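Here are some notes to read beside the structure.

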Amino acid sequence: MTDPILLSARNVKKYYPIKKKGKSVLVKAVDDISLDIIKGETFGVVGESGCGKSTLGKVLLRLEELTHGIVHYAGENLINLSKPGLKGFRKKAQIIYQDPFSALNPKKKIGAAIEEPLIIHGMGNRAFRREKVLELMDKVGLRPEHRDRYPHEFSGGQRQRIIIARALAVGPEFILADEPVSALDVSIQAQVINLLKDLKQDEDLTFLFISHDLSVVEHICDRLAVMYLGRIVETGPVEDFFKTPFHPYSRALIDAVPVTDPSIALHHTILEGDVPSPINPPLGCHFHPRCIFRQDLCKGTMPKLRDLSPDRQVACHFPLA
Ligand code: ADP
Ligand code: MG
């Protein structure tokens, strides 16, 4: 039996038309991405800043209209959803962003902030909602007396707990977490990651987890996709990926993770330079100008994403390992 697919994307593109020096050009933020997210898994998307991770998250949840392609959620084409259908989908699929402070109204007590989605979705009377808010606060490690405090009275980690409680309020099944711990101190990151892990078990959740930080992804994700300039360059189970990355970009990202044990030898594939502009990406393999393994073929021919084993794909003419 194959695992049930909760979200599937086929050939998804998101091009932003912008003006540059008076000319109309397209920013190819997401360029021809296909992926399947299996019910119950945490699917990671990694890559440097500007690779298109957030845009991918937005189009998969129809927070932005896509330029091309199809997204199915639980077998339903998201493009075809009516207004009530979309509201129902919004209840099932919640979002946690990087910056909890800007996501909270500074004038609203946090009890009211957590209650808000329950009111929007018409769930329960006042007494029910009051109980529910306390239950949610307990779930994320906040104390009852926190209910009547304002966002500025909390630390960054606690504020992200408030956001998580609010996301859970309506009983979602899918959560898009876009850099959910990137704004937090490293010591706090692990606590919030562990909370998300526990909640995933307890609440039967599926996650799309976006991060530029590979060590975070290694801790929480089951499978991942590596993005480079709007495209997926590698996918696979997290454990196999970290053991034997196939794409030189993946290798470079892994090598860039600070190692706490100095006796571990570093591979010398330091990633130099920035991600090129998605307006005018390099010909052939987008990564070739930064790739220390490039050959002539890479300069003229774009490699397709292909299966290297049943559960691993790579877009590289000369995969490693
Ligand atoms: P990431 O989340 O990986 O850092 P983003 O998805 O935010 O990447 O951005 C991908 C690319 O799309 C970037 O070059 C960014 O400047 C561009 N981009 C994102 N949103 C817009 C927009 N609304 N209009 C024009 N360009 C955009
Ligand atoms: Mg982003």
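1. The shell around ligand 1 is made up of six nonpolar, five polar and two charged residues. The model is a predicted one, and the values below are computed from it.

2. In total, 13 residues surround ligand 1. Gly 50, Gly 52, Lys 53, Ser 54 and Thr 55 are the closest of them.

3. Oxygen atoms of ligand 1 take part in several polar contacts. One lies 2.7 Å from a polar backbone atom of Gly 50, and at Cys 51 the distance from an oxygen atom of the ligand to a polar backbone atom is 3.2 Å. With Ser 54 the side chain is involved: an N or O atom there is 2.9 Å from an oxygen atom of ligand 1.

4. On its own, ligand 1 has 560 Å² of accessible area, and the protein covers 64% of this. Strand 1 (5-20), strand 2 (23-38) and helix 1 (53-60) are the elements that give two or more residues to the shell. Which element gives the most to the shell around ligand 1? Helix 1 does, with three residues.

5. Two packed helices are described by the angle and the distance between their axes. For helix 3 (residues 110-120) and helix 4 (residues 126-139), the axes come within 10 Å and cross at roughly 115°. The crossing of helix 3 with helix 4 is right-handed.

6. Helix 3 meets helix 4 through Ile 110, Gly 111, Ile 114, Glu 115, Leu 118 and Ile 119. On the helix 4 side, the residues are Arg 129, Lys 132, Val 133, Leu 136 and Met 137. By class, this contact has seven nonpolar, one polar and three charged residues.

Terms used
Residues numbered from 1 in each chain as written. Chains lettered and ligands numbered in written order. Predicted model: local features only at pLDDT ≥ 70, side-chain atom pairs only at ≥ 80, totals over all residues. Heavy atoms only, no water. Axes fitted to C-alpha atoms, helices over the stretch in contact; angles between N-to-C directions. Helix = DSSP H or I, 4+ residues; strand = E, 2+ residues; numbered from the N terminus. Left-handed = near helix turned anticlockwise from the far one by under 90°. Contact = heavy atoms within 4.5 Å. Nonpolar A, V, L, I, M, F, W, Y, C, P; charged D, E, K, R; others polar. Near = heavy atom within 4 Å. Polar contact = N/O pair within 3.5 Å; in protein donor to acceptor, adjacent residues only side chain to side chain. Areas by Shrake-Rupley, 256 points an atom, 1.4 Å probe, with all protein chains shown as cover.
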